[in-house]
Amino acid sequence: MAKKIRFGIMGCGNIAGSFAGDLPLTKYCELTTVASRSQEKANKFAKQYKSPKAYNSYQQLVEDPEVDVVYVATPHPFHMENSMLAINAGKHVLCEKPITVSAGQLKKLIAAAKKNNVFLMEAMWTRFFPAMAKLRKLLAEDKVGKIMTVEADFGVKFDAGPEHRIFNPELGGGALLDLGIYPVALASMIYGKQPKKIFCAASFHSKGVDDHTALTFEYDETEFAILGCSSKVSYKQQARIYGEKGMIIVNEKFSCPTNLSLRMNRKQDKTFEFANPGIGLFYEADHVANCIKKGMLDSDIMPLAESLEIQKTMDKIRAKW
């Protein structure tokens, strides 16, 4: 059996648990180490997800010779610091989205990864689902013609109290960073570029973070994206891509899609169904492993240059507030 790529998980919260739970479904990965600021939490996490080792410091994790890739699953404001720690220790890094909270931070990470000759990728798990691969294929085949409009929204009604991280500015709270990055990244993937003009309206939580945002992107005179995100309202999370000859619908939860519909003008829908075992995070893990095995330092599906351009767009949106 070919040597598996060994993952160490930094942070033991909910998304880390989802990732660890999916790793046994991969072809090329295994979990060897987890780390938390709390030894008790690390031990509990390691026991639940069968990690051989558990540390109470991130420094121990990045110094472990049995870790090839560090999956950074800490809150947004700590992504740069935690990723930089791993990069400077010579570890490859898969960092949860948003990879940083500003374009300036990401530029520093990219420079450090290049200097240390390590792989770095934003964990935009949506990109790696079979349904998204099919969407890219349909677009490449020009099935619906020139794309005129992309519509997508991501809203989750958070019933948690004001202490929850989504409302905490010190933990990178706000709907845009946590949820809005999904439709923004989807539009980026479909158009292959960033908007020339951005129009937005937003409401704000009493603690100062955005909680409900509407966005319109203009790429040229005929290319638009109409996007939304919210921590106050639960949306269907559908995506619709309108072209001159027809449309593609990601029917529900485009962040982790299981089916697409191709609707040609005045013709019946053709639906593509995909069965996803687990949660679906294992797709991106296997992609990272494949890139590393091939000696690649950048993903061809979620490249760093695109992550940087998306961060610039996110910066522009917040600047308008």
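Student: Why is Lys-193 called partly exposed?
Tutor: In this predicted model, Lys-193 has a relative accessible area of 33%. Partly exposed lies between under 20% for buried and over 50% for exposed, so Lys-193 at 33% falls in that class.

Student: What makes Lys-193 and Glu-223 a salt bridge?
Tutor: Their closest N and O atoms are 2.8 Å apart. The limit is within 4 Å, so the pair counts as a salt bridge. Lys-193 lies in the loop between α7 and β8 (197-204) and Glu-223 in strand β10 (residues 223-230), so the bridge ties together parts 30 residues apart in sequence.

Student: Is Glu-223 buried or exposed, and how do you know?
Tutor: Glu-223 has a relative accessible area of 9%. Buried means under 20%, so Glu-223 is buried.

Student: What makes Lys-53 and Glu-66 a salt bridge?
Tutor: The closest N and O atoms of Lys-53 and Glu-66 are 2.9 Å apart, and the cut-off is within 4 Å. Lys-53 is in strand β3 (residues 53-55) and Glu-66 in the loop between α3 (58-63) and β4 (69-72), so this pair joins parts 13 residues apart in sequence.

Student: How many salt bridges are found in the whole structure?
Tutor: The search finds 14.

Key. Residues are numbered from 1 along each chain as its sequence is written. This is a predicted model: local features need pLDDT of at least 70, side-chain atom pairs count only at pLDDT 80 or more; totals for chains, interfaces and linings use all residues. Side-chain values use heavy atoms; hydrogens and water are left out. A salt bridge is a side-chain nitrogen of Lys or Arg within 4 Å of a carboxyl oxygen of Asp or Glu. Helices (H or I, at least four residues) and strands (E, at least two) are DSSP runs, numbered from the N terminus. Buried means under 20% relative accessible area, exposed over 50%, partly exposed in between (1.4 Å probe, protein chains only).
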